[in-house]
Amino acid sequence: MHNIVYVLLRRIHVPLIVLVCVYAVSVLGFVLIPGMDGQGKPWDMSFFHAVYFVSFLGTTIGLGEIPYPFTDAQRLWATISIYGTVFAWLYGIGAALSLLQDQAFQSTLRVNAFRRSVRLITEPFYLVCGYGDTGSTLVRALSDAGYRSVVIEIDQGRIVALELEDLGMPVPGLCASAVEPKILVMAGLDRPNCIGVIALTNVDDVNLNVAITAKLLRPRVATIARVESRSVEANMLSFGTDQVFNPFDTFAGRLALALHSPGMFLLYEWMTAVPHESLREPLFPPHGRWILCGYGRFGKAVYERLVAEGVQVTVIEATPETTNAPPGTISGSGTEAATQLEAGIKDAVGIVAGTDNDANNLSIIMTARELNPGLFMVARQNQHQNNIIFRAAQLDLTMKRGSVIANKIFALTTTPLLAEFLQVARLNSNEWANQLVSRIGGISGDEVPQTWALEITPAASPALYAGIARGRRARIGDLCRDPRNRDECLPCIALLIKRGDAEILLPADDEMLRRGDHILLCGRDGAGQQMEWIAKNHNVFNYLYSGEERASGSVWRWLTREKDHPAGEEGPEPRR
């Protein structure tokens with residue numbers, strides 16, 4: 001606030017001085033110029049009357065001459081004062097309007113509004129640095145899931161896009177560089193309800209600075225960053241950044257997973273999708289020789305994973321000398337039919353268009369389709385505004401950096417237990433994954449399953465915790481009953497129970513629950529809220545456990561007692 005007052009006074013101090021001087025000279029003139037009273041005697045206007053007259057003179061001209069009619073000299077001075085005050089006011093108003101359009105003043109207003117908005121957040125929130133494709137996807141997913149977030153973005157146009165976004169809850173955004181520690185502090189880094197800092201800018205060094213600042217100022221806050229350089233990734237991990245995601249390595253890993261374990265790939269895709277996303281269809285990449293166009297950072301990550309899977313890869317690269325392309329690389333961009341024919345497109349089973357140019361990638365795909373319609377098509381999409389044409393290309397798999405990282409960060413930040421489940425699940429076979437995917441698909445409907453975690457603690461699940469503490473043998477199957485009809489089950493599956501250091505994967509319905517258990521579940525949208533009701537409401541839990549319905553309010557309990565034991569009838573003898 002003090003900045004606004006300072007800027008305001010600095011920009012309009014000259015008009016204010018002019019206005020004060022004009023009023024002072026006008027008042028002085030009326031005090032010095034002699035007048036005449038009603039009896040024709042000389043009369044001098046007092047300072048009070050002069051101030052009073054000049055005050056309304058400048059704003060409401062024509063209220064009359066007080067307390068006696070003016071002399072000619074007074075009227076001449078009144079005329080001069082009228083023009084003087086009017087011009088002084090016009091000068092002051094013009095300066096004020098000019099100030100309102102001043103970029104620095106508007107920036108100060110925005111900063112103060114942003115600081116005030118952050119200060120008013122009382123719920124836990126994430127600080128997101130960067131509102132590009134990844135940031136916007138993540139912020140929307142967090143908002144849909146009920147999580148607050150604050151955005152720092154260096155592009156004012158994206159901040160305007162954030163303000164126009166139809167999000168479920170207000171998201172404060174500021175156009176500023178996240179490199180500056182004071183900006184992060186202003187965005188709430190030092191506030192106790194800031195539960196995570198997520199660096200998603202396009203510049204690795206900026207993300208590195210954000211991670212360093214977060215770890216120095218708030219060592220215990222979760223820090224997540226996106227990087228595209230492996231050296232920066234190693235740097236971040238060296239000082240304890242909690243999660244570091246490389247979009248190229250992540251996508252290459254998923255492609256390799258689809259090659260040797262399509263069921264596990266589908267499980268990963270469903271578990272790490274954002275809410276309300278449609279279920280992805282199974283994917284079966286063929287085994288054989290692949291062609292890779294582009295050997296930059298993305299191409300190298302894909303090449304390494306495909307070769308590790310035992311896949312033969314022919315690389316097409318425009319500048320093989322500068323990118324250290326492997327031996328046998330075909331020189332060219334890959335958009336020409338001659339280059340693809342030289343690489344053996346007729347005998348290939350798949351192609352990856354992985355350059356950093358969307359037009360070239362689409363050209364590569366269209367040319368390859370003409371030469372070999374049966375190819376498995378994979379392309380890298382660099383600009384999100386090209387969604388329409390990439391969908392029209394009917395690709396088997398599209399690599400979008402924003403979606404790859406945003407989905408993974410959303411899943412792991414909102415449900416940290418999911419990372420442990422995916423690690424344990426990875427140790428199982430593709431057939432195991434196929435069976436689990438089939439079960440999940442049967443309860444999810446058309447949208448990806450919702451995942452949630454339940455902790456058996458007094459704060460998170462008081463009814464369930466108290467029931468177990470009283471000796472009731474609650475099973476995981478009891479927790480999955482419909483709270484409105486215990487004979488039916490909720491559309492959900494228990495994925496993992498973490499009990500101390502032990503992990504129980506896909507626990508059976510008769511698995512006994514214990515205090516302190518952490519349970520990961522997935523199911524149809526809404527099942528999580530009903531399970532939370534079971535865990536927190538004592539009457540609901542008792543009904544599901546014993547089948548006995550109990551009235552919750554004192555009036556209903558009295559009515560129920562009267563119904564069971566009308567007046568005049570004796571109830572059962574008290575237990576002795």
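Mentor: Helices are DSSP runs of H or I with at least four residues, and strands are runs of E with at least two. The model before us is predicted. With that in mind, residues 76-100 are 100% helix and 0% strand, and their end C-alpha atoms lie 37 Å apart.

Trainee: Which residues does UniProt list for "transmembrane region"?

Mentor: The unreviewed UniProt entry lists residues 12-33, 45-64 and 76-100 under that name. Of these spans, residues 12-33 are 95% helix and 0% strand, with end C-alpha atoms 32 Å apart.

Trainee: What are the helix and strand percentages over residues 123-245?

Mentor: That span is listed by the unreviewed UniProt entry as "domain: RCK N-terminal". Over residues 123-245 the chain is 41% helix and 23% strand, and 27 Å separates the end C-alpha atoms.

Trainee: How is the packing of two helices described?

Mentor: One gives the angle between the two axes and the distance between them. Here helix α10 (residues 247-260) packs on helix α12 (residues 297-308) at an angle of about 30°, with the axes 9 Å apart. Angles under 35 degrees count as roughly parallel, and α10 and α12 are therefore roughly parallel to each other. The crossing of α10 past α12 is right-handed.

Trainee: Which residues make the contact?

Mentor: From α10 they include Phe248, Phe251, Leu255 and Leu259, and from α12 they include Phe298, Val302, Arg305 and Leu306. By class, the contact of α10 with α12 has 10 nonpolar, one polar and three charged residues.

Methods: Residues are numbered from 1 along each chain as its sequence is written. This is a predicted model: local features need pLDDT of at least 70, side-chain atom pairs count only at pLDDT 80 or more; totals for chains, interfaces and linings use all residues. Side-chain values use heavy atoms; hydrogens and water are left out. UniProt positions are given in the numbering used here, feature names are shortened, and annotations may be inferred rather than shown by experiment. Axes are lines fitted to C-alpha atoms, for helices over the stretch in contact, and angles run from 0 to 180 degrees between N-to-C directions. Angles under 35 degrees count as roughly parallel, over 145 as roughly antiparallel, 65 to 115 as roughly perpendicular and the rest as oblique. A crossing is left-handed if the near helix is turned anticlockwise from the far one by less than a right angle, and right-handed if clockwise. Contact means heavy atoms within 4.5 Å. Ala, Val, Leu, Ile, Met, Phe, Trp, Tyr, Cys and Pro count as nonpolar, Asp, Glu, Lys and Arg as charged, and the others, Gly among them, as polar.
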